[in-house]
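Hi,

Here is the structure I promised to pass on to you. Have a look at it first, and then read my notes below with the model open next to them.

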Amino acid sequence: MIAAWQERDAPYPALTVFCTIPLPSMSFPLLLERRPISGTLDFHPVFMRLHHELNAEQARLLTRRWFFRDCGVGIATLAALDLMRAQAAPAPASPLAEKKPHLPARAKRVVYLFMGGAPSHLELFDPKPELAKWDGKLPPADLLKGYRAAFINPNSKLLGPRFKFARHGQSGAEISELLPHTAKIVDDLTIVRSMKTDAFNHAPAQILMSTGSQIFGRPSFGAWTLYGLGTENQDLPGYVVLQSGQKGPSGGLSNFGCGFLPTVYQGVPFRSSGEPVLFLSNPKGISPQTQRQTLDALKQLNEERLHLIGDPEIAARISSFELAYRMQQTAPEIMDISQEPQHILDLYGAKPGEASFANNCLLARRLLERGVRFVQLFHEAWDHHGGLTSGLKQQCALTDQPSAALVRDLKQRGLLEDTLVIWGGEFGRTPMVQGGNDGRDHHPNAFTMWFAGGGMKPGLTLGESDEFGFNVTQDPVHVHDLHATLLHLLGFDHTRLSVKFQGLDMRLTNVHGELIPKLLA
């Protein structure tokens, strides 16, 4: 390009001529000549001479031989980039878009009430009259053969059950006196008394229950669910986590992490009071218009990079920014339980403005009915090495009513049929005493969980443990078997829901897991 003009402030009329020389990697303006002029600019001899010389020079430079000799690297790079674009698998417009499972699904959504710390099955769901007779005595020697305990000497005295049991409902399920509200819904529950796991310490056992492995870095059950099904509501996270109790889960964030899946599938912690998510509101001085313009610029840059290399983490970043923007409008309304009628608040025992398990159960229902795919409640308060009697009374008072209310509320709204409700901890407790005369140690060999809705068989009590509640004796259900069955209810063949990672086809059930048909409705 050639430009020429007369300078305004020059003491005499002058011609300044610039030429932009194109080169393979850049272009820059070059001052060619500056001299006095007269006459018409368009036909000045200096301009015409330079014009012809530059045309000749450009023709000499841009010969076919020079082009292939000096631009070979550039041509190769362009070809390689074009090939990379063709081969890169572009991420879908929304990683959270709804997807179809392998099989017809019985459950469309999940709410998981995770009782961190491990509640005692011997006081809540698995009555052992024989254990009561052995109270204060040493266990039979053959019972302890090859057994490893977490803290206690295995050859400790046996501790009889601390509370009474009674049968309830048409199913006749035996439930502890500590759970009067759960007792009223037993005909809607599937109770499994024969659960078993591989870990006897909290963190690895929780991670195993959540991810199918005791090792950090694997996707959680919630992340696999979201990866396989997507979510119905693009204005909210597909996987929400709510916490209560004395502290966070022992397994930490890995309990609801995404592992090697894109980060868009990990659980998003919500708070039950105050702002639903920290820093959700704009800081002072940032208007909605400024925020939107900033996000648009970021989105454009990220989309250009995504188109170039197809990295799914870039799609996750774009989705995260846009989701957070939409949540500024949707999340505060959903988290405001004061909008609920008084009889619903009373059903759960919920109190607006407080942080509690009851409030979290009500929030879970509100999230589920608005299209959130997976809601997980962590209540970490059940680790009763001592103070078993008082501790169980306290925690059952906090959790029994809202847990039962959630099942009843989902049922009356027509949501229980395709919502899978899960209640349970990471393992059970020993029949031997710990902490003087009122505590129990960790126990992986036998424990109890219950389920409702989502294709589980209602009114069923599956499995048995021995007379001391020590080992499973009938219908064992390992954690891997449970995962295989839960994925089946969601419409997945657990052997096919996998992701290639480090040369392996990784899945929730690892290389284990068998479907338990007896649990299915």
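Of the protein's 521 residues, 50% count as buried. Keep in mind that this is a predicted model. In it you'll find 14 helices and 20 strands. If you take the contacts with a separation of 6 or more, residues 24 or more positions apart make up 74% of them.

Let's start with the aromatic rings. There are 14 aromatic pairs in total. One of them is Phe221 with Phe374: the ring centres are 5.3 Å apart and the planes stand at 90°, so this pair is edge-to-face, given that anything over 60 degrees gets that label. Phe221 belongs to helix H8 (residues 221-229) and Phe374 to strand S10 (residues 374-380), so the pair ties together parts that are 153 residues apart in sequence. Are these two buried or exposed? Both Phe221 and Phe374 are buried.

Another edge-to-face pair is made by Trp382 and Trp423, with 6.4 Å from centre to centre and 75° between the planes. This one also links distant parts of the chain, 41 residues apart. Trp382 sits in the loop between S10 and helix H13 (388-412), while Trp423 is in strand S11 (residues 419-424). Trp382 has a relative accessible area of 1%, so it counts as buried, because the cut-off is under 20%. Trp423 is buried as well, at 4% relative accessibility.

Rings can also gather in groups: Trp224, Tyr227, Phe260, Tyr265 and Phe501 form one aromatic cluster. And then there are charged side chains sitting over rings. Lys137 lies over the face of Trp134, 6.0 Å from the ring centre. Arg292 does this with Tyr325, at 4.5 Å from the ring centre.

Helix H9 (residues 288-309) and helix H10 (residues 312-334) have axes that come within 9 Å and cross at roughly 160°. H9 and H10 are therefore roughly antiparallel, as angles over 145 degrees are classed that way. H9 passes H10 in a left-handed crossing.

Now try helix H12 (residues 357-369) against H13. How do H12 and H13 run relative to each other, parallel or antiparallel? Their axes come within 8 Å and cross at roughly 20°. That makes H12 roughly parallel to H13, because the angle falls under 35 degrees. The crossing of H12 and H13 is right-handed. On the H12 side, the residues that meet H13 are Phe357, Ala358, Cys361, Arg365 and Leu368. Among their partners in H13 are Leu398, Pro402 and Leu406.

Gly212 is buried, with a relative accessible area of 3%. Which residues does Gly212 touch, leaving aside its neighbours within four places in sequence? Gly212 is in contact with Ile207, His480, His483 and Leu508. Also check Thr509: its C-alpha atom is 5.7 Å from that of Gly212, although the two residues are 297 residues apart along the chain.

Cheers

Key: Residues numbered from 1 in each chain as written. Predicted model: local features only at pLDDT ≥ 70, side-chain atom pairs only at ≥ 80, totals over all residues. Heavy atoms only, no water. Phe/Tyr/Trp six-rings, centres within 6.5 Å; stacked < 30°, edge-to-face > 60°. Helix = DSSP H or I, 4+ residues; strand = E, 2+ residues; numbered from the N terminus. Buried < 20%, exposed > 50% of the residue type's maximum accessible area, 1.4 Å probe, protein only. Lys NZ or Arg CZ within 6 Å of the ring centre and 35° of its normal. Axes fitted to C-alpha atoms, helices over the stretch in contact; angles between N-to-C directions. Parallel < 35°, antiparallel > 145°, perpendicular 65-115°, else oblique. Left-handed = near helix turned anticlockwise from the far one by under 90°. Contact = heavy atoms within 4.5 Å.
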